[in-house]
Amino acid sequence: MKNQYEAEEWDKMGYLHPGQEQAARRLAELELQYRTVKEGCFLNVCCGSGQGMEWFRSYENRRYGVDKSFDLLEKALERQPELHWIQADVTGHLPFENEWASAVLCECCLSMFEEKKKFILEEIKRVLKKDGLLLVADLEWEEGIEIASFSLLYEEQHPEWVKEFAARWLWENGTLPTCCQGKRKDKGLPGYFLAVYRR
């Protein structure tokens, strides 16, 4: 059974997912601004079909995407065959050595794994080099943003992105997407934020 992110309806949205193109482009700018570790690779956790990776070209062919979905990774490989695409469950151990990556990107994935979030963040910290960057674009979950033992360098709020996405999805599909349902007790849409953290 396909998950929401493999569905044709989701794919049709392309870069109109909450903040997708704007978020990736902005995080790529911030990554260049805050980067102090020059050596190492770039890792996109829950990379999906790889759209976000296109903006991190300074890493050239040292870009790696990890996702559980074989179907989405096939699309990523078609889009950017020169990059490295690995099928793995991010709620398990990431298949990389300690202190291997200079930067890790998480777009709209940490909010999906509330119960496993702490473990995923510990794995990200393990594979990040000292002073490496964690780049996050996500829906704000109800308990607030807690990135365990990472230092927050910068944060932006973009509530308009999730509103635009939810309105278009509702217009085309007749219901809110799963990622926007049941996030808040007041039934309002979740917020959307970008943040840069240092290990």
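Colleague: Why does Glu-99 count as partly exposed?

Modeller: This is a predicted model. In it, Glu-99 has 40% relative accessibility. Buried means under 20%, and exposed means over 50%. The value of 40% falls in between, so Glu-99 counts as partly exposed. Glu-99 sits in the loop between strand S3 (84–87) and S4.

Colleague: Is Glu-60 buried or exposed, and how do you know?

Modeller: Its relative accessible area is 56%. The cut-off for exposed is over 50%. Glu-60 is therefore exposed. Its place is the loop between S1 and S2.

Colleague: Now Arg-35. Why is this residue called buried?

Modeller: The relative accessible area of Arg-35 is 16%. Buried means under 20%, so Arg-35 is buried. Arg-35 lies in the loop between helix H2 (20–34) and S1.

Colleague: What makes the link between the side chains of Arg-35 and Ser-58 a polar contact?

Modeller: The distance is 2.7 Å. The limit for a pair of N or O atoms is 3.5 Å, with one able to donate a hydrogen and the other to accept it. The pair therefore qualifies. The side chains of Arg-35 and Glu-31 also make a polar contact, at 2.8 Å. Leaving out residues up to four places away in sequence, Arg-35 touches Ser-58, Tyr-59 and Leu-133.

Colleague: What makes a group of residues a nonpolar core?

Modeller: The members must be buried, of the listed nonpolar kinds, and joined through side-chain atoms within 4.5 Å. The largest such core here has 29 residues. Leu-43, Val-45, Val-104, Ile-124 and Leu-134 touch the most other members.

Colleague: Which elements each supply at least two residues of this core?

Modeller: Among them are strand S1 (41–45), strand S4 (101–107), helix H4 (117–127) and strand S5 (128–139). H4 gives the largest share of this core, four residues.

Colleague: Which residues does Ile-124 contact, leaving aside neighbours within four places in sequence?

Modeller: Val-45, Leu-94, Val-104, Cys-106, Leu-134 and Phe-150. A second, separate core has 25 residues, including Met-53, Leu-73, Leu-133 and Leu-139.

Colleague: What is the general pattern for nonpolar side chains?

Modeller: In soluble globular proteins, they tend to be buried together.

Key:
Residues numbered from 1 in each chain as written. Predicted model: local features only at pLDDT ≥ 70, side-chain atom pairs only at ≥ 80, totals over all residues. Heavy atoms only, no water. Buried < 20%, exposed > 50% of the residue type's maximum accessible area, 1.4 Å probe, protein only. Contact = heavy atoms within 4.5 Å.
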